[in-house]
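Please walk me through this model.

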Amino acid sequence: KMSSGAADLRQRKKQNCTESDKMAPEERNKENSKLGRSPKYMLIQRFAKLFFGCLAAVTSGMMYAVYLSTYHERKFWFSSRQELEREITFQGDSAIYYSFYKELLKAPSFERGVYELTHNNKTVSLKTINAVQQMTLYPELIASVLYQASGSEEVIEPVYFYIGIVFGLQGIYVTALFVTSWVMSGTWLAGMLTVAWFIINRTDTTRIDYSIPSRENWALPYFACQVAALTGYLKKNLNCSAEKFCYLLVSASTYTFMMMWEYSHYLLFVQAVSLFLLDSFTLAQTEKVHEVYKIYLFSLFLGYLLQFENSALLVSPLLSLVAALMLSKCLQMNMKKGTFMSRLLKIMYIYLVFTITVTLNFLLKMFVPHKENEHLLKFIEVKLGLNTTKNFTMNWLLCQESLQAPSQDFFLRLTQSSLLPFYVLVLIICLFSVTQVIFSRICGEPLKETVKLEDGRIGERPEIVYHVIHTILLGCLAMCLEGMKYLWTPYVCMLAAFGVCSPELWMTLFKWLRLKAVHPILLALILSMAVPTIIGFSLWKEFFPRIMTELSELQEFYDPDTVELMTWIKRQAPVAAVFAGSPQLMGVIKLCTGWMVSSLPLYNDDDLLKRNENIYQIYSKRSAEDIYKILTSYKANFLVIEDSICNEVGPVRGCRVKDLLDVANGHVVCEEGDSYAYSKYGRFCHEIKMNYSPYVNYFTRVYWNRSYFVYRINTVISFQS
């Protein structure tokens with residue numbers, strides 16, 4: 001029975017495909033004959049519209065990439081810097097990613113380079129890691145292959161090639177957003193407005209300014225391409241060739257996105273929930289939605305194999321949800337019959353999927369050995385107020401700005417650029433229209449095959465409903481964690497631009513207002529051109545001079561103390577030396593010198609998190625002997641103390657590293673509502689600078705400047721006072 005049902009489904013899809021291919025030209029011919037236009041004239045007009053739209057989309061992407069490159073040059077003076085000074089601009093985890101790219105280029109062959117990364121024992125002391133799997137280094141693998149295969153060694157320096165690829169991907173990102181808005185609204189004017197809002201709100205749409213090699217800067221352009229293709233794929237009355245093209249693009253971009261970012265399956269889970277809700281209210285073709293589910297399954301399976309059997313993908317909520325949806329479909333094959341019982345079962349269907357998803361995920365975590373981030377679940381518990389903790393790592397994460405609720409400045413910036421008011425307007429209209437359509441479906445009214453402009457029912461278009469649900473879900477996440485705004489704000493730009501440029505949205509509004517004085521269709525067409533034009537001119541007048549000023553003024557990023565430290569390490573430290581210090585500084589030392597370090601600024605490995613917490617004890621109130629034992633347990637030879645951490649004066653007192661360490665170590669005493677740090681030992685980073693016993697017995701100062709103090713960890717301990 002299931003095989004015959006599947007055959008019927010394939011046959012029905014073919015019939016729909018051929019019918020849409022046949023019906024579309026017939027309908028266009030009828031419209032053209034009514035308007036007195038020849039098919040040839042209309043073909044030329046459509047081609048011109050498509051050509052200039054594509055040209056505008058590609059030009060927008062290229063101009064944005066050039067803008068990023070110019071701004072980066074002005075900010076860092078990259079072309080006039082030495083290699084060491086350039087590398088210092090990569091901070092934290094960015095430094096680690098770029099250091100592995102350098103190692104790949106230095107390897108005698110690509111195969112040897114990959115082997116050394118997958119069996120890496122030259123980065124973290126006493127630890128062999130599969131860096132490709134643990135740090136998702138597929139972008140660096142691709143970049144190194146392209147650099148060597150294209151013969152770019154004699155043309156361009158490796159660092160320029162690397163950041164050039166990232167800036168090029170950001171151009172693709174903007175182009176994909178342009179196309180998505182264009183496909184939804186039918187006019188590339190919406191794409192231009194999307195790009196304008198994206199660039200103006202760059203502080204809240206991308207992290208490219210602060211962390212070029214970060215995984216999301218490599219991955220999100222592919223997700224934007226997937227969303228653009230999915231938008232086209234969900235459209236009604238799509239011809240067969242366009243549908244196949246969109247399907248292939250969704251497949252390729254979904255898999256690539258999953259390979260580029262370790263957290264990609266969580267974002268795809270949010271997308272899968274959006275599609276599930278879209279299908280639950282029968283607002284889209286079920287066959288298309290389930291084809292996307294199959295793409296998820298294929299991408300998860302292929303990703304699991306090529307990511308060295310990554311068990312995190314097996315226990316991901318995405319796999320559990322998609323498996324639950326497939327199983328529920330088998331159990332509820334005859335549910336959608338249009339009867340009262342079938343409508344009642346819709347609610348049960350949602351409950352059924354939810355129950356199966358949770359159960360499957362629980363069972364998978366029980367039986368599949370995995371190293372999923374347990375601290376992530378603990379973080380969510382503490383963030384939601386379900387638990388409290390004194391753990392240093394957990395409290396340090398909670399203090400990070402990106403993991404706190406967004407500030408008022410964020411909403412103020414979006415309002416000043418007029419983005420937030422128009423987004424709220426478009427979202428309200430679309431939500432009311434979708435609600436109206438859902439109630440109509442509950443009452444048994446079928447969806448129309450084609451939605452005309454005069455109908456004023458924008459909520460019947462499945463691609464619009466998908467984007468409304470998707471932005472709401474991403475918006476809920478962004479309201480909890482400020483770092484999520486980089487996922488949400490770009491699609492806010494896209495949806496707001498689509499809305500103000502869409503005659504259908506204005507027509508939906510006028511249908512509710514029941515305008516009679518002015519012809520609503522004419523007014524909708526006028527407003528869909530006039531409103532974005534006015535917005536564009538106002539944005540040009542207010543923000544274009546600021547952008548030009550940004551590109552014209554020379555900024556200076558120079559850190560002479562760090563340059564001096566790296567130079568000293570390269571000249572004076574033994575090649576086999578192991579350095580200990582804050583994880584962020586260790587990433588820079590690894591990149592600039594190549595020396596082994598005791599910790600890394602990575603937060604997806606429990607062992608590394610424990611190392612980071614232990615080595616951060618150099619800023620706590622612990623004895624010299626305790627610190628010595630910790631450092632020697634990791635075979636560290638040199639200790640680097642940063643004055644900026646030791647004497648940190650943070651805006652939030654409880655979030656300084658030394659405050660968090662005092663809480664974790666139980667060195668905080670509360671009296672009359674105030675908290676005081678107390679220990680029989682002074683703060684190590686202060687006491688070691690005094691050069692008295694017992695500190696000089698364990699550590700010998702070998703280098704210092706205004707920002708850093710370097711101590712050699714003595715192998716033979718002297719107990720002379």
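The questions below concern a predicted model and cover its sheet, helix packing, a surface patch and salt bridges.

Q: Which strand pairs with S3 in the antiparallel sense, and over how many bridges?
A: S1 is joined to S3 by two bridges, but these strands run parallel. Ala580 stands opposite Leu639 of S3. Leu639 also stands opposite Tyr711 in S7. The antiparallel partner of S3 is S7, over five bridges.

Q: Which residue of S7 stands opposite Phe699?
A: S6 and strand S7 (residues 708–713) run antiparallel. Five bridges join them. Opposite Phe699 stands Ile713.

Q: Is S3 largely enclosed or open, and how many of its residues are buried?
A: Side chains in a regular strand alternate between the two faces of the sheet. In S3, Phe638, Val640 and Glu642 point one way, while Leu639 and Ile641 point the other way. Residues of both sets are buried. S3 is therefore largely enclosed by the rest of the structure, the buried count being five of the five.

Q: Which helices do the buried residues of H24 pack against?
A: H24 covers residues 503–513. Its buried residues are Pro503, Glu504, Leu505, Trp506, Met507, Thr508 and Phe510. They pack against helix H8 (158–185), helix H21 (419–442), helix H23 (485–501) and helix H25 (520–552).

Q: Which residue follows H24, and what is its phi?
A: The helix is followed by Arg514. The phi of Arg514 is positive, near 55 degrees.

Q: Is Phe51 buried, partly exposed or exposed?
A: Phe51 lies in helix H2 and belongs to the nonpolar patch. Its relative accessible area is 44%. Burial needs a value under 20%, and exposure one over 50%. Phe51 is therefore partly exposed.

Q: About how far apart along helix H5 are Glu116 and Arg112, in helical turns?
A: These residues form a salt bridge, with the closest N and O atoms 3.3 Å apart. Glu116 is partly exposed at 31% relative accessibility, and Arg112 is partly exposed at 40%. Both lie in helix H5 (residues 110–118), four residues apart. Their separation is therefore about one helical turn.

Q: How many residues apart are Lys127 and Asp607?
A: Lys127 forms a salt bridge with Asp607, the closest N and O atoms being 3.0 Å apart. The pair links distant parts of the chain: Lys127 is in the loop between H5 and helix H6 (131–135), and Asp607 is in helix H28 (residues 606–615). Their separation is 480 residues.

Q: Which of the two counts as buried, Lys127 or Asp607?
A: The cut-off for burial is under 20% relative accessible area. Asp607 has 35% relative accessibility, so it counts as partly exposed. At 18%, the buried residue is Lys127.

Q: Which residues do salt bridges that share partners join into one network?
A: The model has 26 salt bridges. One of them pairs Lys127 with Asp607. Shared partners make one network of Lys127, Asp605, Asp607 and Arg611.

Conventions: Residues numbered from 1 in each chain as written. Predicted model: local features only at pLDDT ≥ 70, side-chain atom pairs only at ≥ 80, totals over all residues. Heavy atoms only, no water. Pairing = 2+ DSSP bridges. Patch = residues over 30% accessible without salt bridge, like charges linked within 9 Å, V, L, I, M, F, W, Y side chains within 5 Å. Areas by Shrake-Rupley, 256 points an atom, 1.4 Å probe, with all protein chains shown as cover. Salt bridge = Lys/Arg side-chain N within 4 Å of Asp/Glu carboxyl O. Buried < 20%, exposed > 50% of the residue type's maximum accessible area, 1.4 Å probe, protein only. Contact = heavy atoms within 4.5 Å.
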